[in-house]
Amino acid sequence: MIIAIVIIALIAGALKITGGVVYHSNTLFVDALTSVANIVVLLAIIRFKRMAEMPPDLEHHFGHERFEYAGVTVSIVAYSFVAGLAIAKLFYNTEYTVSFDSFYCALTATLLYLALVIYTAKSSPSLKAYGIFTLSEVWEGVAGIVASVGGSLVSYMVDYGLAVFLTAYIFIEVYHQGRGMVTILLDSAPPQSMYQNIVSLIESKGGRVRRLRLRVLFPGVVHGDAVVEGDVDVGALKRILREKRVDMCIEKVKGTFSEQHSSDYVNKST
């Protein structure tokens with residue numbers, strides 16, 4: 001299926017390049033630049049996705065899941081680069097004529113990208129990131145349809161104005177992807193409900209929590225550590241948590257639960 005995605009992306013990109021270069025639509029030219037970036041990003045995501053499936057090794061004790069975020073990084077860099085090229089092209093623009101044939105290129109490419117967005121919606125995080133940028137290709141395709149018709153039948157300024165709009169939209173998408181990346185890099189905590197569920201699980205097994213710290217290593221994968229006391233089977237507890245994709249280091253200590261100990265408990269609200 002990955003091969004099919006690459007082929008569809010190549011065809012859609014070629015159509016937009018044709019509409020932008022051959023049929024003189026600046027909107028489709030900007031769209032074509034993002035299509036090239038889209039293909040580069042897709043290839044990078046495929047590469048890093050395979051690396052993310054590698055088992056833990058001496059240099060990556062917790063596995064390679066975060067390698068998929070390298071694909072997101074490539075997305076940010078690639079789209080920032082093409083946004084800069086688009087600005088350079090539009091800045092030195094002169095009056096031009098848009099051919100109506102660009103409409104057919106824009107329409108076909110938009111439908112192809114829409115198919116890619118639907119497929120990647122429920123895929124891995126890196127492919128979802130690709131899908132988000134590809135969704136922008138759909139909206140850009142719609143703008144290309146309007147621009148090709150308006151630019152050829154009304155005025156080239158319709159096409160030019162939409163090209164400026166698309167360039168600004170690229171920067172907005174880059175911002176959102178970068179913000180999501182920062183959230184992961186900051187080791188954000190999982191939802192408060194997960195803390196409560198883990199505390200309840202430990203207590204149901206005869207233990208009490210002195211300290212609990214969790215972080216989202218990867219969507220759906222949580223790492224952390226805990227200090228517990230009481231008659232609790234740490235090995236069994238770890239196995240249960242591991243089934244829930246929570247990998248924790250659990251230290252069992254002697255003593256009774258006290259107010260002083262409870263102050264060591266770390267939760268999301270503090």
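Visitor: What makes the contact between the side chains of glutamate 229 and arginine 210 a salt bridge?

Guide: The two side chains meet at 3.0 Å, N to O. A salt bridge is a side-chain nitrogen of Lys or Arg within 4 Å of a carboxyl oxygen of Asp or Glu, so the pair qualifies. The pair links distant parts of the chain, 19 residues apart, with glutamate 229 in strand β2 and arginine 210 in strand β1. Strands here are DSSP runs of E, at least two residues long, and helices are runs of H or I, at least four, both numbered from the N terminus. This is a predicted model, in which local features need pLDDT of at least 70 and side-chain atom pairs count only at pLDDT 80 or more, while totals for chains, interfaces and linings use all residues. Residues are numbered from 1 along each chain as its sequence is written, and side-chain values use heavy atoms, leaving out hydrogens and water.

Visitor: Which residues are linked in a network of salt bridges?

Guide: Arg211, Arg213 and Asp225. Aspartate 225 meets arginine 211 at 3.4 Å, N to O, and its closest N and O atoms with arginine 213 are 3.0 Å apart. By the rule, the count comes to five salt bridges.

Visitor: What makes β1 and β3 edge strands?

Guide: The open sheet has three strands in the order β1-β2-β3, with mixed pairing. β1 (207-218) and β3 (246-253) each have a single partner strand, so one side of each is left without a neighbour in the sheet. The twist averages 10° from one strand to the next.

Visitor: Which helix lies across β1, β2 and β3?

Guide: Helix α7 (residues 192-204), running at about 140° to β1. Such angles run from 0 to 180 degrees between N-to-C directions, with axes fitted to C-alpha atoms, for helices over the stretch in contact, where contact means heavy atoms within 4.5 Å.

Terms used. Two strands pair if DSSP finds at least two bridges between them.
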